[in-house]
Each structure stands twice: as structure tokens, then as C-alpha cells.
Number of protein chains: 2
Amino acid sequence: MPELRQNMATKQWVIIAAERARRPQQFLETYRPLTEEQPEYDPRCPFCPGNEELEYEVTRVPPGEEWQVRILLNKYPALQREGERMRSFDGVHRRISGVGHHEVVVESPRHNVCPALADAQHLSTILQTVQSRCCELAQDPRIEHIICFQNHGEHAGTSLLHPHSQLIALPVVPYEVRMRAEEARRYFDDTGTCVFCQMVHDELRSGERIIVENASFVAFILYAASSPFHTWIVPRRHAASFLRASAVELADLGDILRRVLRKLYRGLRDPDYNYIIRTAPLRDPGHEYLHWYLTVVPRVTRVAGFELGSGMFINTMLPEEAAAFLRSISDA
Amino acid sequence: MPELRQNMATKQWVIIAAERARRPQQFLETYRPLTEEQPEYDPRCPFCPGNEELEYEVTRVPPGEEWQVRILLNKYPALQREGERMRSFDGVHRRISGVGHHEVVVESPRHNVCPALADAQHLSTILQTVQSRCCELAQDPRIEHIICFQNHGEHAGTSLLHPHSQLIALPVVPYEVRMRAEEARRYFDDTGTCVFCQMVHDELRSGERIIVENASFVAFILYAASSPFHTWIVPRRHAASFLRASAVELADLGDILRRVLRKLYRGLRDPDYNYIIRTAPLRDPGHEYLHWYLTVVPRVTRVAGFELGSGMFINTMLPEEAAAFLRSISDA
């Protein structure tokens, strides 16, 4: 029989449709060139060396010609850097001026590097660069929340192959982020425990959904995964904000992120995916009950009318089976 | 400057990215055959006449060989009809047995009818059939909520061309549905008014986002549309549940749905879309503050990392411009 499972942190239900279950291999992409089968340099790519548009550059690491990571202003930003945050509440029409920051993290000088094939040290450098930039953006008093994310592949919403991720700094706390904080606060009020710490504890005890772990992080398929291979990478140390992760933690995050992405790359043949760093709102950080983490969502299924109408998902793979499959794949 | 707009009913923010704005014609699908350019009959289609599998049939309208609409049990259901609703709450692992109903509405005997090209009378017959079936399913004491939806086209999540929609009857109220009810209740508590009635009133007064209206319904692009052409079709009469819409209302809904779909079909060349009937939970119907409606979501954009991480959307078209465009398209 299928079952409905609830994510304890978000209170969202998913349908785990066991009778419709598919084998992991059925999620393999139909044939398409792997990322690294593309050219190493593309003269038309705005992110390739030689095409740098310096007026958009925020920072490069290391400084000089031999950069490994660059942060750029998005040339077509969703939000505008200059201007005041103005609220206008007119009857049922509520709006705020679209001020904020929308930046691009160019993750390598090479055009065809798949993030899954980067080494841990390089991923850590990227994460440190992103964290530093988030700390700078947090100084902007108009900013309430920052979303750091990567779109890999067409189904994940990217149009540029060159490896990159993005930062969007918002003048509001999104409704969904507020609701998640509210649920975590309620759990804390009821139990005196951080719900994320509790989930990590329970997952380690059971072990059946663990993918991989290291000194600072645990990566697991969610008990109530909303899609096959929906993964959380959670720091063992309780902390609400990614902006305060230690240097050691960022090194360990580079290691575990590489291992998770490598397993997905090998097991599902370079699937399209998004990853998102979920961190606390800047001005209302909920130190006791919020806990930052990174979530990886391989985009192997589609959102249709049921999902739009209910906010629920139908997952056709048992989370325990997805985790066992990824454990069996080498991350070397 | 871009702006953030808030949907008063759901409290969700969207970014209206005016600087990135595209013209309506840019959302035209690249060339592909229109639905009605497919064959009228497909011998391999399970929904075509002659291929009826009677063991799955729930009802047909009218009875006999010359059916126009059939409701079938889904052959690969996400939920199981038989069995008890059992809750199991074990630490952070909460689950409910996956009982419920998952049915398919075959909307025409003809394989290649685009719902946008059906006549109003036929759409009303479909809606009446769906409503009757929902009323039957509501008798099942294990059921808490029903989602009625249509997926049209590959990007909207359908794999079968033959025109059809679906019903999923759930043993829980989805979290998102609960939150929407909660926000509507708060608005009612604060103002003594239904937020949906207020929105209809304000949209009619301003007129700039109206697409079309008739005696019972108003169709408009949302002020805080989460994507271009995101449309609500709202009954003028305050009522929480679709299950209690009158025969006249269902006739008028067939008329206005046809006109909205026809405008999208002509204006955007048979775009992929979902429509969803949003109705009150069965056991906690919030008579005063909930208001049922039908939402149409053309799938002309992709969900990427930002949307997954924030629950917010970036809409690259001004809602006022989308509405003016659709008003200019004939619905004949």
C-alpha cells in the first residue's frame, strides 16, 4: 500500500507511491552529452576567461589573472541594487520596491567542469567565497534574506553551461521561509529540542536513509522526500546561519557535497539538479530552533496539477531504496 | 524598477521583474503540432472508444455507447481505494496509510480534441460530472480533501494526449491548503470580509487585470501572478465549496473556462497548462472565509533553485500587460 509521510520540520506531507515504485536506473537521463564532453572553452561564453566584463565583477579568488572563482553582478538582475525599500499598502494591493542583489558565482575558469567532478578543496573555496559575499550583503539594511542556489542542467532552469551558482538577496522574508521558521519554533516550544538536530539524531540511529557522513555533516535522503533522491546535508553542530559556519565546516561541506554530487553523477549519469543553502532570515535568526542546511534536489520528475493544487508531491521511489542505491555508488 | 507584490489571500510574494519583461508573443511555444493536428482516433490509446476497460469504469455520461464523458479508476493510482486510514506516529516519523481515490475524467470520445476548442455546453457537462463524483467521494469518511486538476501538454506533466483531467481524494488536508485557509481566516477575523470577495470587488473596480466576465464568474490575471498569464476564475457568489456550485454556475463556469482557454490557445498557440479547482477541505469548510475558484497556470516558465528555496516566483511579465493581451484576443 502507498503511504503518506510527513516531514517533521516542514509539516509537509508526501505520497510515497510504493505500487508505482521505479528502480533507480529508470531515472537515468536518456542519452545526452555529459557536461565534460562539451568544449573546455567557448569563445561566446560570458563566463570564460578572456570574456570577463570587469564592470560587473564583484570579486575574484585568487586575485589576478589565474582566478578560480569570480562573483559577478547579474547582467539581467531580478532585483535592483540602488534605491530605497518602499512599502506601498493600498487596499488589497501590497507591494515593495524591488531592491536587492542578484549575483552570479562563476565556479571555474573552465567551461565544461561539472560541479560533481570538482575536487573538495575547490568546492570549499567556492563555499567560502559565497559565505564571505553573503556576510557583506547582510550589512545592507534593506536585506532580510539571502538564497544561495545552483541550477545544473536545463530541467533545473539553467541556460548557461559554464558552471555557476547564484545569490539572491531579498528585501522581504518569503512566506514559505517564515512558515518553516514558525513550524521549527513550535517544535522547539513543544519539546525543547531543535527539530533538525532531532532528525539528524534519528537518521543516524536508524541508518537506513544515510548516504554519507563526515566529521561535520550528515547527508541523508529525507524520510518524507518529495522526489527520488531529495537529499539534505545537515551540519552536526546546531547553528541557525550558514553565514557563521566555521572554516573547518566549510572544508567538510566541500568534501560531503563533492561526494553526494559525485554519487548522483555516477549513479544517474549527470542528472539535472538544484541545490539550495537554507539559512535563517538575517534579522530574525531564531538561534535556538533554526538550523541551516544544504538541500540537493535532482530534477527527475515534473510538477503537475496535483502538486500545484496541493503543495504535496508524489514520490515513486522509497527513500530507503534511494539511499541504499546511492550508498552503493562510489564517490571516488 | 522591479517590484515585489503580495497575494493578499495567500500572503505569498512574487518578484515582478519589469526590467526583464518580455512581450506576450515571446512566450509562444516553438513549433510543434497543435493538439487537433493529431489523429482523431488512436488504436493504442486506452481512452479511445473501443478500448474501454470496463473494470475501471466508474460512470459514463450519457449512459450507453454514445458517451461524451467517462470517469475511470486510475490504473496506476497514487492512493489505494481499500483499507483503513491508519496513523503511525513514531518519534519524528509520522505516516498515514495511503488510502484514497485517484480517478481519471476522460473528457471526450475524440482523441485530438483540445479542451480549449470544446464548446461551453460540453465543458459544463464535464464540470457537472466531476462535481457529482466529488460529492460521492466526499461520503467516504476517510477523505479530507479533493483536488480536481487538468494537465495539458508535456510541460504540464501529462503523458497521454487524449483529453482528460484527474481527481485525487486525500486522507489528509495538505499543509499548504491548511495554511491558505488559515490566512483567509485571519483576514476575515481582521476585516469581517472574505478576502476573495474583496479581491473580486477590487479587480472589477480597477478593471486592468480583468480578462473576461459573465453573470456568475470573473476571470482575471492575479495582481501578484506567480507566472505570466496566471489566472483565477472566481465565482461572484461567496461559497466555500465547489461541491455546492449551482447548475447555473456550472453552466457559466463552462462558458468562462472555454473563453479563457480559447484566448490562451489562440494567443499563445496551444500552450501547456494546468488548471486546478481550489475548494474548501471537506470536514472543516470555513464557510465564511473560504471561497472556491479555478486557477489556470500556463506552463511557460521553469521552476529553478530560487523558487525551490524561497517559495517565491520571478514573473517577467507585468500582470496588467498579460491581461490586456488576453483581452485583445478573440474567444470566438
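**Exercise 1.** In which sense do β6(A) and strand β1 of chain B pair, and over how many bridges?

*Solution.* The model under study is predicted. Step one is to locate the partner, strand β1 of chain B, which spans residues 3-6. Step two is to read the pairing: β6(A) and β1(B) run in the antiparallel sense, with four bridges between them. Step three is to inspect a residue pair: opposite S97(A) stands E3(B), a residue of β1(B).

**Exercise 2.** Determine the strand order of the open sheet that contains β1(A) and β6(B).

*Solution.* Five strands make up this sheet, and their order is β15(A)-β2(A)-β1(A)-β6(B)-β5(B), with mixed pairing. At the edges lie β15 (313-315) of chain A and β5 (87-90) of chain B, each of which pairs on one side only. From one strand to the next, the twist averages 25°. Within chain A, β2(A) and β15(A) run parallel and are joined by three bridges; I15(A) has I314(A) in β15(A) as its bridge partner.

**Exercise 3.** Describe the contact between chain A and chain B.

*Solution.* Contact involves 60 residues of chain A and 60 residues of chain B. Several elements of chain A each supply at least two residues to the side that touches chain B, among them β6 (93-97), α2 (175-191) and α3 (195-206). By class, that side of chain A has 33 nonpolar, 17 polar and 10 charged residues.

Methods: Residues are numbered from 1 along each chain as its sequence is written. Chains are lettered from A and ligands numbered from 1 in the order in which they are written. This is a predicted model: local features need pLDDT of at least 70, side-chain atom pairs count only at pLDDT 80 or more; totals for chains, interfaces and linings use all residues. Two residues are in contact if their C-beta atoms, placed from the backbone, lie within 7 Å. Ala, Val, Leu, Ile, Met, Phe, Trp, Tyr, Cys and Pro count as nonpolar, Asp, Glu, Lys and Arg as charged, and the others, Gly among them, as polar. Two strands pair if DSSP finds at least two bridges between them. Axes are lines fitted to C-alpha atoms, for helices over the stretch in contact, and angles run from 0 to 180 degrees between N-to-C directions.
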